[in-house]
Amino acid sequence: MIVISETILLAIVLAPLAGALLAGLLRNQIGRAGASTVTILGVAVSCGLSCWVLYQLVWGGAPNFNADVYTWFTVGKLSLHVGFLVDRLTAMMLVVVTFVSLMVHIYTIGYMADDPGYQRFFSYIALFTFSMLMLVMANNFLQLFFGWEAVGLVSYLLIGFWFERPTATFAALKAFLVNRVGDFGFVLGIAAVLYGFGTLDYGSVFAQAGTLDGTTIEVIGGHPWSLATVICVLLFVGAMGKSAQVPLHVWLPDSMEGPTPISALIHAATMVTAGIFMVARMSPLFEHSETALSLVLIVGATTAFFTGLIGIVQNDIKRVIAYSTLSQLGYMCAALGASAYAAGVYHLMTHAFFKALLFLGAGSVIVAMHHEQDMRRMGGLRKYMPITYITMWIGSLALAGAPGFAGFFSKDAIIEAIGESHRTGHLYAYICVLAGVFVTALYSFRLLYMTFHGKERFTVVGHGQGRTHAKTTSDEPHHAHHPGELEHPPHESPWVITVPLILLAIPSVVIGWPTVAPMLYGGWFGSSIHVAQANDVLGELAREFHGPLAMFAQGFVSPPFWIALAGFAVATYVYLFNPKIAEQCERILLPVYRALVRKYWFDELYYNLFARGGVKLGRAFWKGGDGALLDGVMVDGSAAFVARSAQIVRRLQTGYLYSYAFAMIVGLILLLGGFWYWGLH
Amino acid sequence: MSNWPLLSLLIWIPVAGAILVLFCGNARPNAARWLSLLVTLIVLAVSALLLPNFDYTSGAMQFGEAHEWLPGIHSSYKLGADGISVALILLTTFTTVLVIAGAWEVIKDKVHQFMAAMLVLEGLMIGVFCAMDALLFYVFFEAMLIPMFIIIGIWGGPRRIYATLKFFIFTFFGAIFMLVALIYLYLKAGTFDLATLWSLHLSRPEQIWLFFAFLIAFAVKVPMVPVHTWLPDAHVEAPTGGSVILAAIMLKVGTYGFVRFSLPIVPDASQQLAWLVIALSLIAIIYIGYVALVQEDMKKLIAYSSIAHMGFVTLGLFVVFMLARGLNDPQTAQLGAQGAMVQMISHGLVSGAMFTCIGVMYDRLHTRLIKDYGGLAKVMPWFAAFMVLFAMANCGLPGTSGFVGEFMVILASFKANPWVSLAAAFTLIIGAAYTLWLIKRVIFGQIESEAVRTMPDINAREAFVLAAFAAAVLIVGVWPWPLTHLMDASVSHLVSQALATKVG
């Protein structure tokens, strides 16, 4: 029997880090080709070893790996470590992360070809891969938090990659701060775990999870709260930040300011799913809090439906996909809330493939359109770029849950699981996720039609018009040409872009067939995920499961299929045959339309309340507190008081002999008078 | 080697070196520079010798030295260092080397005097960290003010006179209270020996009076709200080297005072009034965080950020009392105290690095206003990389030293009271807000002014200084074990001192 060794795991983690450091620190020495080579090599090593680890765990009979690598610190009896836990859940994440990362690395060669920050970009995405691997391989909360914040850092750097664009730096700052709000809850959740269990190691914490029942904590005097609920809600606040759940979702659409490869890698396939992964990992804790799970369910379902709606009115191709990502994260989250952790994680996996595909496809379109992202200036692209066109269709079918495609298996399972659930809020959640299916189909096919079908809404002005060359000087992509005018006709992207598209399209079609039975219904995750007997909705569904083929056939008569078909039909009619309808709808449903375009006014609210409000408060504290009160009254005031008193007292020191003589006489009289007075009594 | 008076060497080599440097005179600035660097490197090497000779299992004072000093008032020249002292001494010797290297061409005027003042300051600061006699501590504590007063007063900015006066009067005002307290203790115990004072029996009212005397003295130094307003002014006017020393080490003298005086000498009063210090610490973290957010001057911003970060030190120290006595949980109390100690070291590194960064920018553009910058990443990519790293450390990102102490304090205070932890954890948001907003406006964005466009990237000397800080920040962040190991026994001893009641 082969045992997974620490060396292998260290290699998986450190190979991308080595690539990142080489590409970042020696960027001038190794040059552009060198930077992409070392990082791709690093991630490829990592990907290969991850596949090997998965193979050994699943088919090779290797036991789970759980050991500390080194001691981070020791205080008294408390030791925190850096260590790895590799079970099937982790191994699956390893493969997904490294595979998508590898695809994105290769794709980047083409996408960033003309960017001056080429090496820096490769360094960042390799560093991201390292951070994400640390996160998923952690065997304790400390390292989880390290990975958690490190991916946030790289996300910040990558959103603000084009740091000369004010919108990009703004989006980066916003993303970091909103994530920090989540982390604020997360770190308190970790503190609560230490409070409850006296350790931060997963193993010991989960082993003691049973003691949570009946344990309370008095956060507000006289109101004992279930400790399990406090821990899980706080941890989930962290997940809400990272996985962009309402109301902490506002950063994700803006993160599209970053280059497209990172939208695929970080803001679709991997980092944003960290929250989902974390909750699944913490299932032994969440199972002890019905309240926390209800919250997860309701928040997830809300996100699934309401952010999907916004996707319908977006015109920026990347933003449509970004809202779609929000919505799909909501599905995963709702699955977790229904105790269908395996379904949530399974959707995480399938979604990683087809969403990365969609983002990379969108990037391919953007490159072809000379960095135009507005779909109103696209149309009819299918004949120019067939590979992108076909793979985007595959991705969209998978996303919309067409029977047989990857998304079908995972999303149907989620919807059914929520239907089976009896948790508080399950009916609301069920309606949300069902309605979300319609929305998903609508925005997916709207995107396809607006981009690839219909009339061309751009003009090719031809060569040599005396304009600056419109090819990517990525710093100023939007100023090189007039909107809707292209110098060259769009053309299919080079192989470094299309090959990753094809490689991602394959799993988007087929991955569901071999995996659905074991991963969803076969208890594949084993001890990684813990579900209490009473909550096991997937176990219920497993009884009605008769293989992928039966599920496929069943798919054609299930409600989600018909709902999705309705969405498809509406999209086809409106955006392919009768675009005027869309405008009429906008007019008729103006308040709704406005709410969607303004994204329910979350941004305005947060900006005014927190950003501007914070600055106002700071100014009030500074000028009023530090300036007027402390410095004005206390410091300068006491100095002025001393000066004023000195002014008065100084008058006595006139320097004239008669004044002093007069003072002496007065003093003598007072003194004698005093003696006489008190002496008498 | 273990018989060598290492601590005395550490104090007096810099002072002797300062005299030699003065002999270089104004005409030979390069000789003064190289000689000062040599002296600080020797001191760094000597301080490194402490580590192999240190007994990590003991929380007691080591490397002890005692000589007759003022027998008339039973005060002696008595030195000693535990893990906490050793960590702070290492921080001092490390930072001073970088300050000398950082000031190299920046100080053009009276170089020999500047360098000599820095060296004297180094010796005196080390003296504070290993004085085992209260009067000796007081002498070092006060004497330290003089070179700093000179550094700001001579090489400082335009409002340096206001700033130095404010700085001097504030700290001197505070120190007077300490002197009164020490005299009272002397009258009671008949000696200034610290170890004797630690075990001195004191009634509760006595302790309360002494507690407030110490609190005023050390709160000014830390500084804690509401006696912090001298710090932003002092930083703004101080030359870069002065700011680095001020932020990195002198502030630690205040919290070190709590460790050596308040906690062990008046534990019961500290217990009774811990709520006050904790409240002031939380105000420092939140209120000062907001104030930092709106600063227009980079140095003021980092100065305010320092106050907020020092709030974690005082919080960690006094949350010990809620945990050790209130909840009878010395284990978690130790975590809080250790967090405070790690935060002291980390803040020294991070704030020192941040002030060095601001100095690098100031040397090129001669302004500290945020609005004069923007887009540095384009013209100074290496500098930008360092600055972003230190900014991340300043907002407590895991993997940097800034995370370790804050994390420990947040974890520990949750057990004491979740609300305290919640308020402290607010730094995650507000700290990131003011630091990264600064980065957004200074490092990122478009280049607006012609002056910025011609700014050269850091030279080798600046790169060396920043890289040394960066290495320290990352090592402590990735592997804090050596640091916590160094201080573990001492922190445990400190908690037991705080735990031991002196009344009833």
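Q: Is the crossing of H3(A) and H10(A) left-handed or right-handed?

A: A crossing is left-handed if the near helix is turned anticlockwise from the far one by less than a right angle, and right-handed if clockwise; the crossing of H3(A) and H10(A) is right-handed. Helices here are DSSP runs of H or I with at least four residues, strands are runs of E with at least two, and both are numbered from the N terminus. This is a predicted model, in which local features need pLDDT of at least 70 and side-chain atom pairs count only at pLDDT 80 or more, while totals for chains, interfaces and linings use all residues. Residues are numbered from 1 along each chain as its sequence is written, and chains are lettered from A and ligands numbered from 1 in the order in which they are written.

Q: At what angle do the axes of H3 and H10 of chain A cross?

A: Axes are lines fitted to C-alpha atoms, for helices over the stretch in contact, and angles run from 0 to 180 degrees between N-to-C directions. For H3 (residues 88-111) and H10 (residues 260-269) of chain A, the axes come within 8 Å and cross at roughly 165 degrees. H3(A) is therefore roughly antiparallel to H10(A), a label for angles over 145 degrees, with under 35 roughly parallel, 65 to 115 roughly perpendicular and the rest oblique.

Q: Which residues of H3(A) and H10(A) meet?

A: Two residues are in contact if their C-beta atoms, placed from the backbone, lie within 7 Å. On the side of H3(A) the residues include A:Val100, A:Val104 and A:Tyr111, and on the side of H10(A) they include A:Pro261, A:Ala264 and A:Leu265.

Q: How many residues of chain A are in contact with chain B?

A: In this model 44 residues of chain A are in contact with 45 residues of chain B. H6(A) gives the largest share of the side of chain A that touches chain B, namely 15 residues.

Q: Is A:Gln119 buried or exposed?

A: A residue is buried if 20 or more other C-beta atoms, placed from the backbone, lie within 10 Å of its own, exposed if 12 or fewer, and partly exposed in between. A:Gln119, in helix H4 (residues 118-137) of chain A, has 26 C-beta neighbours inside 10 Å and so counts as buried. Leaving aside neighbours within four places in sequence, A:Gln119 is in contact with A:Ala23, A:Arg27, A:Arg32 and A:Ala35. The C-alpha atoms of A:Gln119 and A:Gly31 are 7.4 Å apart, although 88 residues along the chain separate the two.

Q: What is the phi of A:Ala244?

A: Most residues other than glycine have a negative phi, and most peptide bonds are trans. A:Ala244, which is not a glycine, has a positive phi of about 50 degrees and lies in the loop between H8 (227-242) and H9 (251-254) of chain A. A:Ala244 is buried, because 30 other C-beta atoms lie within 10 Å. A:Lys599 likewise is not a glycine and has a positive phi, of about 55 degrees, but with 19 C-beta neighbours inside 10 Å A:Lys599 counts as partly exposed.

Q: Is the peptide bond from B:Val222 to B:Pro223 cis or trans?

A: That bond, from B:Val222 to B:Pro223, is cis, with omega near -15 degrees, and B:Pro223 lies in the loop between H9 (204-221) and H10 (230-237) of chain B. The peptide bond from B:Val225 to B:Pro226 is also cis, with omega near 5 degrees, and B:Pro226 lies in the loop between H9 and H10 of chain B.
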